[in-house]
Amino acid sequence: MPLHPTELKGLSPARVQDKYPKWFGNFPYPYMNGSLHLGHAFTISKIEFAAGYQRLLGKRVLFPHGLHATGMPIKAAADKIIREMEMFGPDFERFDEDAQDDKPIKAAPNGPAAPSAAVGKATKGKIAAKSTGLTYQFQIMLSIGVPRVEVKKFADPHHWLEHFPPICKEDNNAMGNRIDWRRSFVTTDLNPYYDSFVRWQMNKLHALGKVKFGERYTIYSPKDGQPCMDHDRSDGEGVNPQEYTGIKMEVVEWSPAAKVIEGKVNDRKVYLVAATLRPETMYGQTNCFVGTSIKYGVFAINDTEAFVCTYRAARNMAFQGLSPERGQTQQLLEIDGAALVGTKIKAPFGLAPEVYVLPMDNVLSTKGTGVVTSVPSDSPDDFATINDLRKKPEFYKIDRDWVSVDPIPVLTTPTYGELTAPRLVEKLKIQSQKDVKQLAEAKEIAYKEGFYSGVMLVGEFKGLSVQEAKPKVRASMIEQGLAFAYAEPENPVISRSADECVVALMDQWYMDYGEPVWRSEAERLLAKMETWTVETRNLFEATLAWLNQWACARTYGLGSKLPWDPQFMVESLSDSTIYMAYYTVAHLLHDGDIFGRTPGPLGVSAEQMTDEAWEYVFCNGPWPDPEPFPKEKADALKHEFNYFYPFDMRSSGKDLVQNNLTFLLYNHAAIFPEDKWPKGIRTNGHLMLNGKKMSKSTGNSLTLREGVLKFGADAMRLSLADAGDGVEDANFDEKTANANILRLHTLMTWCEDIFKDESNLRTGSKNSYHDRVFEEEIVDLINITKSHYDATAFKDALKFGFYELQSARDWYREVTAEIGMHADLVKYWIRVAALMITPFAPHFAEHIWTEVLKEPRSVQLALWPDPGRIADRSIIETGVYMRGTLKTIRDAEFTLLKRLQKGKKGKGAEDALFDPKKPKAVRIYVATKFLSGRRHDKVDDAKVRDILIEKGLIKDKRAMPFIQAFKKRMSEIGVDAAFRRTLLFSESEILKELLPYLKKSLSLEDVEVFSVEEALQREGHGFTRTIIESSEPGSPAFEYRNI
């Protein structure tokens, strides 16, 4: 609801916030290449629930929803449709479904050095669509409801943005989300207003020196011809370049099987190339390993050198200046790894100058170069393999002399001395190279121990710590031409266009994240910001610790042009870091027109929104002269921004902390004044469906629309609230959703019935003790629920504000069955129930509020049912006591029946004093203090154990926790206080209030209440001392009898 100028007259900005408090929540705008799924709904629900609650607090709430289109996904999918139309016709009429092999293509773990054939278009389609279980993009379109004759329109990437945004809006509205659609927009230059906003953002960052240009490693798609950032990937989000040292091991003498290479390299020197993360250990090389089942290539690097490695490694090198032509590998021949075994090579920096190539089972073609230099003194894998080879040289088809060099000490550590690997292999009882799990553990220990505690024993950097020596050894090897810098993706990365990405060394525009001064500002922002969970804060801190330069430009896809270098576009994670500020003014600029084709209420054109105008609105910059448009219009924009910004809460999946959310911190710290820094970011885990990961290929998936159609909006929303709140993965249970349908219907019917016939309700004074308990429990649950809403703990807010509230009503209804519930209290309960469930189930709440309670205005305009006080704890405790007592008596009867049934099968059955089939009564024994002799100032653990064994309680899971808790209580508040368990109420009086209900619910003829002292005086028939003395304050004892 906008504020009228007269409401603001004479008020300072701070006073405006005090008098008209606001709340601004948002979530990452979803990508417009399909319908929203249940995972979107889960993240959206966190803002939706908070927005509903904040409205109940009387705040002006802003919940906007943008539409993301920047990047590659839409363009890549559109290009696939173009290719498929070429293959199958404009309506795919030539597609023969029966002829298709729908089995997914799986790469062999040790594939060829080079592709045996070009990867076909169909294969790429399968790779790209593997997550859906469908082969082609047009099939995906059909599966999401696009008519076959309409699919061809999606060959135009802009058509996606005409088609999916209306569906997104309809789905959100069907869910009942409180979204201000006036502020929606599509990203990219399709919306000129948003485009001008991104232009201002990038120009400002560039002017501040935050955007730089230079040569750096980046994940790169050769097919797309540009960097492949996180949002451009179908697989491998969060994967970064891993930099190695490439060790050049010159061939001295080929093995007989590999001599064929000599005549095919045109007199080039040939090197086996290993990629290592530990160049400081190269002094200890004793041999080199290859995988015998791997295909290797011999690749020309220039006119004088050739490298032996896998095709995958050579392809990476080709984009790092290590090939005759950038991006092109020149393979001279292919050879089996087994043929390389026995080749003699030089070991750069090795104390053993020449070593042999040996076989190793665990060499991977998917990591490094496929060639592994061996340092058995510090690598557990190497040491274990050497041991295997020495034990069975004939089995591995090697000469014993090839493994004659013993481990060479390179560094020393306090824990493992000079030979870390042999010590660890012995300690972890590793028998061979097949003990993969133990070797992985040993490798991690060896690396950390060596890096953090190691001291060099040999070489020119002898005596230096490993941390100091590592970069120096690397630099020395590279300077002498014995090594080179090499990088590859940490793990496989597949682009949206189904291309396996490489690491390229290239000149590019990048955000200088990680720069010390900028990082310290981002850390300061984080320190002031609410994260709601320690885990989220830890994720941010860890990301800030490692996040470095980030490529911010691309040439392929959709987006806004880089202002100073328009051949590039701003990549999708860089134009989505401060757009929350744009929400505050979007409605005034283009008022619901997501493409910004028509100016909004202010009549300001996109061209008039210059960098100077944006700077004035968002950062208090000077108003330009000449002015692009009247200043009062800019002041209207500034007022909206200043009122709503900063945002109060952003909800997102935790996976975005490692990129977009941390970028958000950096960008806000750089661009905005401190009072506009974000107030809070909340993260959640992924959403599972019925306890399993959601996946279209397995059929375990649900879209937002399907959820609404299947369960109804409110039942689905309740289940989303119930799914979980932390950063761990949550679970949407369809059984819970179905149960919520019935639960809401039952509650609605009950509320309606109450008002249809009030004859069974009491009126007048609230003279029943149960009235007092019920009223205090409502007050208590209001306050508890509010505390959970405040903490965004929605699962608990639902538990107490919906489920527990109904439990309180159920108890009240049962215990007052004879006299009837009080009309005022029941109506109060319905009113409270409707208000507290409003954030979760707005449609249900609206019906109860307007149709049942006959309120004239919408529940969306109502306020939280603040009782204005805390509940009376003494009354609350009596309610707990009554319910607990009833349960204990029921449990006691059940235990007694079990004993009697056992007795029928053996001796003593005839002595039974109680027959459950006959009329029965119960005596309740109430203790006001602990009996003498029970208290001990110190706990004798051995004696406690003996007593537990004697009583048959040693296996009771509750016993030891209770004892430990009581011991802790004694130590914290003293022995006297620990045993002083004075209740806030009289047990006897409360039990008398409960007697009518006890008799009715337990089918008892009589219930008697005795103090322990009174009962002991009557000890004898029907009054058993052991039972009487088992009573404690707050925990009465019970004795059944027949009458």
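How many helices and strands are there in the chain? Then, for the close look: which strands are joined to β23 by bridges?

Modeller: There are 34 helices and 30 strands in the chain. Both are DSSP runs numbered from the N terminus: H or I with at least four residues for helices, E with at least two for strands. This is a predicted model, in which local features need pLDDT of at least 70 and side-chain atom pairs count only at pLDDT 80 or more, while totals for chains, interfaces and linings use all residues. Residues are numbered from 1 along each chain as its sequence is written, and side-chain values use heavy atoms, with hydrogens and water left out.

The whole chain comes next. Its C-alpha trace spans about 110 × 85 × 65 Å along the principal axes. Of the 1043 residues, 53% are buried. Buried means under 20% relative accessible area, exposed means over 50%, and partly exposed lies in between (1.4 Å probe, protein chains only). A contact means heavy atoms within 4.5 Å. Among contacts with a separation of 6 or more, 76% are between residues 24 or more positions apart. The accessible surface comes to about 46,700 Å², and 52% of that surface belongs to carbon and sulfur atoms. Those areas come from the Shrake-Rupley method with a 1.4 Å probe; for residues, only the protein chains shown count as cover.

Now β23. The strand covers residues 649-653, and five of its five residues are buried. Met-649, Ser-651 and Gly-653 point one way. Arg-650 and Ser-652 point the other way, and they too are buried.

Two strands pair if DSSP finds at least two bridges between them. Strand β1 (residues 22-26) runs parallel to β23, joined by two bridges. There, Gly-25 has Met-649 as its bridge partner. Strand β24 (residues 681-684) also runs parallel to β23, joined by four bridges. Here Arg-650 is partnered by Ile-681.
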